[in-house]
Amino acid sequence: MMLEIRDLSVNLAGRPVLHGISLHAKPGQITAIVGPNGSGKTTLLRAMTGDIPYRGHACLNGQEVAQAQPWQLAALRAVLAQATELAFPFTVEEVVRLGLQSSAVQAQADLPARALALVGLASYAPRAFQDLSGGEQQRAHLARVMLQVWEPVGADGPRWLFLDEPVSSLDIGHQLMVMGLARSFADAGGGVVAVMHDLNLTAMFADQMTLLHNGRLVATGSPHQVMTDETLSAAYGCPVRVNAAPLDGPWLVPQAMPVASA
Amino acid sequence: MVMLAETLPSQDRATRAVRVTQGLAVVLALAAFASLGSGATGVSLHDMLDGITEREALILWDIRLPRLAMGVLVGAALAVSGALMQGLFRNPLADPGIVGVGAGAGLGAVLAIVLGGLLPAGLAAWLGPHLVPFAAFLGGWGATLALYRLASRGGNVSVATMLLAGIALGALAGAVTGVLIYMADDRQLRDLTFWGMGSLAGASWTKIAASLPFILPVLVLSPLLARGLNALALGEAQARHTGVDTERLKRVTILGVAASAGAAVAIAGGIGFIGIVVPHLLRLATGPDHRFLLPNAALLGASLLVMADIFARTVLAPAELPIGIVTAIIGAPVFLWILLQRRGIGGL
């Protein structure tokens with residue numbers, strides 16, 4: 001029961017975007033996908049979630065994603081996509097309820113309220129979703145997504161959270177809160193796969209990370225293994241230096257050094 | 001936590017939506033009585049209570065009842081097809097009449113009237129009175145499919161493209177319809193005139209029976225699409241993530257729009273704006289949840305059209321105002337109002 005990507009390639013509009021990616025993600029862990037802009041992170045996530053066709057294999061709990069029905073995948077995993085526009089004036093609570101699956105979970109009437117409380121929006125239920133700030137909307141969507149996979153482990157195996165830049169419009173307090181929720185989900189036996197921009201946050205929370213560059217997998221392993229000066233400098237095309245953080249994880253400070261010295 | 005769930009607003013909205021349903025049922029019943037009691041002959045329901053004469057029975061059964069039934073059917077069909085189309089296009093401005101679906105259905109109907117004689121006799125006989133509604137359904141279906149293809153890219157609908165493509169499709173269908181009318185003979189022209197007035201005046205049990213197989217299934221089954229259409233408001237990819245088979249949802253919704261709008265156009269001609277006014281008013285009252293929106297739209301659409309019809313045939317009595325004019329006078333300002341409200345929103 002894991003997420004297994006084998007030799008996965010994707011073409012978008014006839015242009016190759018991902019080349020032969022192979023990686024594993026285990027339940028109980030946060031697996032981060034990092035890389036510079038345009039490296040194929042979001043494309044990889046979209047292939048894993050069944051949004052776009054791919055060559056090769058993407059198996060979630062042993063099921064080939066491309067061949068699964070939407071409702072089968074929905075019972076297995078939830079996806080937090082990058083922000084989109086909501087078409088009609090639904091309330092926050094109505095949006096969160098869209099995550100409710102028709103399975104047993106539906107019986108528990110207080111779940112939407114609990115999901116909203118998790119993301120710190122308990123009192124927002126009656127408000128118009130469109131009136132919320134960008135960061136609040138993102139957290140409300142996270143509540144919807146958490147509701148969809150409320151039990152991290154179901155009768156048929158671990159459930160999965162796929163997060164596309166989950167902290168992109170959040171302040172540092174809420175960044176920690178959201179990553180903390182991902183951490184608890186993984187600690188309870190679920191699997192988390194997150195596309196991340198912030199390498200320090202990734203180092204703090206991820207168990208495994210995969211670095212992409214130009215649609216190819218450059219490095220994969222623990223943050224300690226992946227986050228080295230040479231690997232990151234080469235992938236991001238800028239000089240960086242990785243240090244040890246007070247909490248024993250690697251962290252980096254972008255260096256304002258002349259490129260020649262790199 | 002349980003307390004909280006009970007005080008949540010979607011519960012409020014649900015309660016209010018159910019009350020609106022009950023209220024609309026009463027309104028529709030009152031409108032129906034008013035409709036049966038008014039007409040050019042001046043026979044009122046009160047007259048009939050004292051014992052119904054043969055002439056009164058004839059007026060009631062052959063003129064007023066079919067007219068009422070057709071008003072209910074067409075009003076409900078137009079409102080539900082509008083709500084479905086707006087859910088599909090994720091935009092409150094999508095209306096079958098405005099974006100060319102009505103024109104496509106009209107083209108289908110005119111084709112059937114003018115060129116129906118060229119069909120193999122067996123097929124024509126088999127379709128019988130269903131021929132015109134069926135052709136209108138096909139025309140509306142083609143227009144809806146073409147519109148969706150033109151206006152959507154990667155699951156996102158561009159509203160500007162939708163409205164402009166709708167204008168182009170409507171103009172094209174109108175031009176071809178014009179050619180057909182030019183070709184029509186005298187008898188066909190009379191049929192076309194009757195058909196094209198946008199009126200309930202030609203109501204008959206035959207027409208109702210001809211359109212019922214197209215409209216009734218949509219009215220009864222459309223609430224099954226509600227959950228999917230709600231999720232679609234998040235965007236197509238996100239709807240799929242929550243478990244909705246979006247491809248099937250789109251196919252079925254397009255069929256539903258074409259069947260109900262097409263059949264309504266086939267029997268009543270171009271009656272505009274019901275499809276845009278009714279869902280908009282209901283969203284203001286009880287929110288956008290399609291589980292309540294679709295059934296309530298059927299009730300409000302039926303009530304509104306029956307009332308507009310009473311107005312249309314009493315205000316200038318014994319002459320009659322085409323009902324399309326009445327709905328346009330109410331509906332066009334509402335359309336502009338929605339447009340103005342949304343002017344600040346990106347991409348409308």
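The following conversation goes through a predicted model with chains A and B.

Trainee: What does the secondary structure of chain A come to?

Mentor: Chain A has nine helices and 14 strands. The radius of gyration of chain A is 19 Å, close to the 18 Å given by the globule rule for 262 residues, so chain A is as compact as a globular protein of that length. Along the principal axes, its C-alpha trace spans about 60 × 40 × 35 Å.

Trainee: What is the strand order in the open sheet of six strands?

Mentor: In chain A that order is 6-9-10-3-11-12, and the pairing is mixed. Strand 6 and strand 12 (216–221) of chain A are at the edges; each has a single partner strand, so one side of each lacks a neighbour in the sheet. From one strand to the next, the twist averages 15 degrees.

Trainee: In which sense do strand 3 and strand 11 of chain A pair?

Mentor: Strand 3 (residues 30–34) and strand 11 (residues 208–213) of chain A pair in the parallel sense, over four bridges. V34(A) has L211(A) of strand 11 as its bridge partner.

Trainee: And which strands of that sheet does helix 1 of chain A touch?

Mentor: Helix 1 (residues 41–48) of chain A packs on the sheet and touches strand 3, strand 9 (160–164), strand 10 (191–195) and strand 11 of chain A. The direction of helix 1 makes about 145 degrees with that of strand 10 of chain A. Helix 5 (residues 134–148) of chain A lies across strand 6 and strand 9 of chain A, at about 170 degrees to strand 6.

Trainee: How many bridges join strand 1 to strand 2 of chain A?

Mentor: Seven bridges join strand 1 (residues 3–12) of chain A to strand 2 of chain A. V10(A) stands opposite L18(A) in strand 2 of chain A, while L8(A) has I21(A) as its bridge partner in that strand. The hairpin of these strands has two residues between them, and A13(A) takes a positive phi near 50 degrees.

Trainee: What span does helix 4 of chain B reach?

Mentor: Helix 4 (residues 54–89) of chain B has 36 residues and reaches 51 Å from its first C-alpha to its last, close to the expected 52 Å.

Trainee: Where does helix 4 of chain B bend?

Mentor: The bend is at R64(B), by about 35 degrees, and the proline P66(B) follows within four residues. After helix 4 of chain B comes R90(B), with a positive phi near 55 degrees.

How values were computed: Residues are numbered from 1 along each chain as its sequence is written. Chains are lettered from A and ligands numbered from 1 in the order in which they are written. This is a predicted model: local features need pLDDT of at least 70, side-chain atom pairs count only at pLDDT 80 or more; totals for chains, interfaces and linings use all residues. Two residues are in contact if their C-beta atoms, placed from the backbone, lie within 7 Å. Two strands pair if DSSP finds at least two bridges between them. Axes are lines fitted to C-alpha atoms, for helices over the stretch in contact, and angles run from 0 to 180 degrees between N-to-C directions. The expected span of a helix is 1.5 Å times one less than its number of residues. The bend at a residue is the angle between axes fitted to the seven residues ending there and the seven starting there. The radius of gyration is taken over C-alpha atoms; the globule rule is 2.2 Å times the number of residues to the power 0.38.
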